[in-house]
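User: I would like a close look at one part of this model: the place where the chains meet. Please walk me through it in plain steps.

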Amino acid sequence: MATIDFEPIKLSYTQRVLKWIKEYNPPWIPIIILSSLLFFGLFANFVTGDPMANDLKARQIAPFTDIHHILGTDMLGKDMTSRLIFGCRSVLLVTAPSIIVAIFIGTAIGLIAGYTGRITDTILMRITDATLGFPSILVAMLLVTFVGTGYIGVIIAVTATTWARFARMIRGEVLSVRERDFVTLAVILGVSPFMIMWRHLFPNVINTLMVMISLMIGQVVLLEASLSFLGLGMSPGEPAWGIMVAEGRQQLLTTWWVSLLPGILITLVVMAFNFFGDWLRDYLDPRMRRSR
Amino acid sequence: MSDDIVLKVENLRTHFHTKTGIVKAVDGIDFELRRGETLGVVGESGSGKSMTAWSILGMVPKPAGRIETGRILYHGEDLLQKTDDEMRKIRGSGICMVMQDPLTSLNPVLTIKKQLTETLELEFKEKKESLLQRAIALLSSVNIPAPETRVTSYPHEMSGGMRQRVVGAISISRSPDVLIADEPTTSLDVTIQLQYLKLLKDIQEETGVGIIFITHDFGIVAKMCDRVAVMYAGHIIEQAEVTELFDNPLHPYTKALLRSVPDLDDDVEMLPTIEGQPPDLANTPSGCVFRDRCPDPSDDCRDGNVEMGLIEVSPGHWVDQCCINCG
Amino acid sequence: MWQYVLRRMGEGIITLIALSFVVFGSVHLTGDPADYLMPLTEAHDQKIYEAQKKQMGLDRPFIVQYWDYINSAIFFDFGTSYVIQKPISELILKKLPATVHLALSGFFLAIIIGIPLGIMSAVKRDSIFDKLGKGFAVFGLAAPQFWVAIMLILFLGGKLQWFPTYGRGDIQGWWPTIEQIPQTLWHLALPSIVLALSVTAAIMRLARSAMLEILDSDYVKFAQVKGLSNRLVIWRHAAKNALIPVLTFGGITLAGLLNGSVIVEVVFAWPGVGLLLLDGVTQRDFPLTEAAILLSGFFYICTAVIIDITYGLVDPRVRAR
């Protein structure tokens, strides 16, 4: 039997990173955009001034005309740059909790549906499917009717429209893992369902979960912006991009930038999440097969 | 060229231009097919068997794939000179192909009837009722029971063996002169396999169609084929009549292939294997492609100086010329 | 086939009942509508409060109220709006034509543009055509509809004055008079374009990826091997299969349309049901909110069932399930 002799080549850490970058070609622009979002969201306080400060002497300044207000001011003299930057923070404040809660609820329901009997599964899945397709704004409106508007209202509304997707995914994974022979074997051997979930379910789910999160965040951002625009979301005056677009609308011809700029940011952020999510899905998918 | 030769391939080279280099899927092969003859094409995965078929049909994936040189003579006319439209007319009525998986070969949302009659329409300009009759007749000729009811069913409502027979029926419905079968039995049970092969043989006797049978199974070769061509890394390295090849293999690769099928009577402790790996088709070695794995290469051969090319060693038995030097 | 149809319809009805329960329950169980109503009418005298409550029937047990509501709802009687003091069915009926016009135009625009664009994008892969299409899809899925609407109003309506920026024009009800047709179409243009935008992007993307997969499949290759013309191969074999995933997501398309119509109506001051609903929500007009959501839900479920049934028509494998 012929043997192949070779010395394993040792690469330095930097070389390995560069090799990885060359092979997997991460999407740079989305990454930059998302990192900026994170940075500005977390450190908005330190980076820029007060987004709520009215300055009636500096009202309605167009962008790129005044050094003190690079991106202009709105109808009450609030500085656009600060408001846009603080908008990043609003995005984080709304999307993070909603997604986390949605994942929890979705996972719980998905697990129960996948693991317990046919009847529970069918009932839960019918509910999930019904919620999944139903227009999110209508659901949000219904919720707002009795929960009220404002920050908590938005989070509840967004969560209610998002959990179903996670539930469906988790249930799918549970079902496919459940049928496998090694699970039956484990059950016979007396391994607890928890262990099974941890060892077999979890690794599969993590990958899909990450892809799903990045793709869902885009939807969440859009939903929150739409709700705020309609007046069903955050309180008026808050530095949230959706609200800003609505404000600009009131005096559209004279202060058109108040609507234009936040919208551009929303589009950029959602695009970035979508691109990143697509890349992530491609990256995780064939690699999973290879490493097996 | 005698009237008997239906298809003649000369010096066919099909290369793929990819980002990582030029992949030479088919690199200079020659063979002929006569009326009523079955030519077996044997080789491991990646040896270029399927791509030869696609080259003949004019369906090499563009834009990466290109037929660089060669002639494919069908009834004396060079197919590579033909326009897309002309090729389309030849496909189905002159040359047809059966692929490995019958389930994916059939369109899941169309009935069998539709998929049969649309082919028949191209050949016979008749009314719907008469086309339907033809379709039913075809189905019964491939031994599908109760064809009148079957004809309106969908592919997923049939068993694998039946599907493959339907695909076979569709492919011969226009009485082509050449039928290329690309590993058609790989997805079938062994017993169904035998039925299917018998069916092909019957069809061949009746219609005189020439069959190019692509496979990696020597057992099928023994049953079905009149002549065999052994392919390796895009080249045909040996070609002969079936019995001659089994009795008297010349190329070390052929010998190794035949050896690797153990005889039931023998006491085998270790299955013989062929050392080494097939070459990367983007970086084929110069000269004989097999030289790195050849058990006894001559010095000239090892240095890559000997060109590839078939030489007739005895009537009808061709082998790659480097073997003459080597052993 | 019929079994499948009946089954789907049955499931639809069950979902409808569940929806009505949820809608009605969430409004009536989470805060007494009476509390919200009272400050609008009388002072907080307990006796008068109780009397009013009795008069409005809000003191009865939940199930009774629910039953009563459903009984009238089936006959399209949703009670009276708190705020506008008119029967709700009348209000809705008045606003319905506007929304239907908008939704239908948006829907047809999306389908007529989205599906062929997606299919051609796949057939002419990596061409300029494809790249433009992909760019459009990316933008359409990321840009917020309300913002695009406002931008279009600003540039096409405000600065260039090519299109009117709000309202429907003079048309009343379902059918415009002959003289009203041009201006009706003109007013309809921008809103339907905006409404169609994100939906078109989603459909295009779907049709394209479905088509790409199909073009690679064995049966397409076999169809070519049989000698069929390219046109036949694309439109008979490939496109029909591409329809399946597009229909599958037809429900999402519909949801997008319903969502979008609320926003578009707000931005363009389009006097439709969506705008009515929003006003109802912001003004705490419970009966109105209830009714509007119930109706939208009803519409959505009906269409979902129809889509499922169409799905069964196109793909025979589904019927067997």
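How many residue pairs are in polar contact between chain A and chain C, counting pairs with both residues at pLDDT 80 or more?

Analyst: This is a predicted model, and every value here is computed from it. Between chain A and chain C, five residue pairs are in polar contact, with both residues at pLDDT 80 or more.

Now look at which elements of chain A face chain C. Helices H4 (118–133), H5 (136–147), H8 (193–230), H9 (241–250) and H10 (257–291) of chain A each give two or more residues to the side that touches chain C. H10(A) gives the most, with 11 residues. Sort that side of chain A by class. You get 24 nonpolar, 10 polar and three charged residues.

Next, the extent of this interface. On one side, 37 residues of chain A take part; they are in contact with 39 residues of chain C. Together the two chains bury about 3,400 Å². Carbon and sulfur atoms give 77% of that area.

Side chains of opposite charge can pair when their charged atoms come close. Across the interface of chain A and chain C, the rule finds one salt bridge. Its partners are Asp278(A) and Arg205(C), and their closest N and O atoms are 3.0 Å apart. Over all chains, the whole structure holds 17 salt bridges. Where do these two partners sit? Asp278(A) is in helix H10 of chain A, while Arg205(C) is in helix H8 (residues 181–215) of chain C, so the pair joins two chains.

Chain C also meets chain B. Here 28 residues of chain B are in contact with 21 residues of chain C. The buried area is about 2,200 Å², and 64% of it lies on carbon and sulfur atoms. Three residues stand out: Arg88(B), Val109(B) and Glu118(B) supply 24% of the area that chain B buries against chain C, more than any other three residues.

The rule finds one salt bridge across the interface of chain B and chain C. In it, the side chain of Glu118(B) meets that of Lys226(C), at 3.0 Å from N to O.

Which elements of chain B face chain C? Helix H1 (49–57), strand S6 (95–98), helix H3 (102–105), helix H4 (112–123) and helix H7 (160–172) of chain B each supply at least two residues. H4(B) has the largest share, five residues. By class, the side of chain B that touches chain C divides into 15 nonpolar, seven polar and six charged residues.

Some of these elements also belong to, or pack on, sheets in chain B. An open sheet of eight strands runs in the order S6-S7-S8-S3-S9-S10-S12-S11 (chain B), with mixed pairing. S6 and strand S11 (310–314) of chain B are at the edges, each with a single partner strand, so one side of each has no neighbour in the sheet. From one strand to the next, the twist averages 20 degrees. H7(B) lies across S6 and strand S7 (178–182) of chain B, and runs at about 175 degrees to S6(B).

Now take H1(B). This helix lies across S1, S2 and S4 of chain B, at about 110 degrees to S1(B). Those strands belong to an open sheet of four, in the order S2-S1-S4-S5 (chain B), with antiparallel pairing. S2 and strand S5 (77–78) of chain B stand at the edges with a single partner strand each, so one side of each is left without a neighbour in the sheet.

Inside this sheet, S1(B) (residues 5–18) and S2(B) (residues 21–34) pair antiparallel over 11 bridges. They form a hairpin with two residues between them.

Methods: Residues numbered from 1 in each chain as written. Chains lettered and ligands numbered in written order. Predicted model: local features only at pLDDT ≥ 70, side-chain atom pairs only at ≥ 80, totals over all residues. Heavy atoms only, no water. Pairing = 2+ DSSP bridges. Contact = heavy atoms within 4.5 Å. Buried area = accessible area lost by both parts, 1.4 Å probe. Salt bridge = Lys/Arg side-chain N within 4 Å of Asp/Glu carboxyl O. Nonpolar A, V, L, I, M, F, W, Y, C, P; charged D, E, K, R; others polar. Axes fitted to C-alpha atoms, helices over the stretch in contact; angles between N-to-C directions. Polar contact = N/O pair within 3.5 Å; in protein donor to acceptor, adjacent residues only side chain to side chain.
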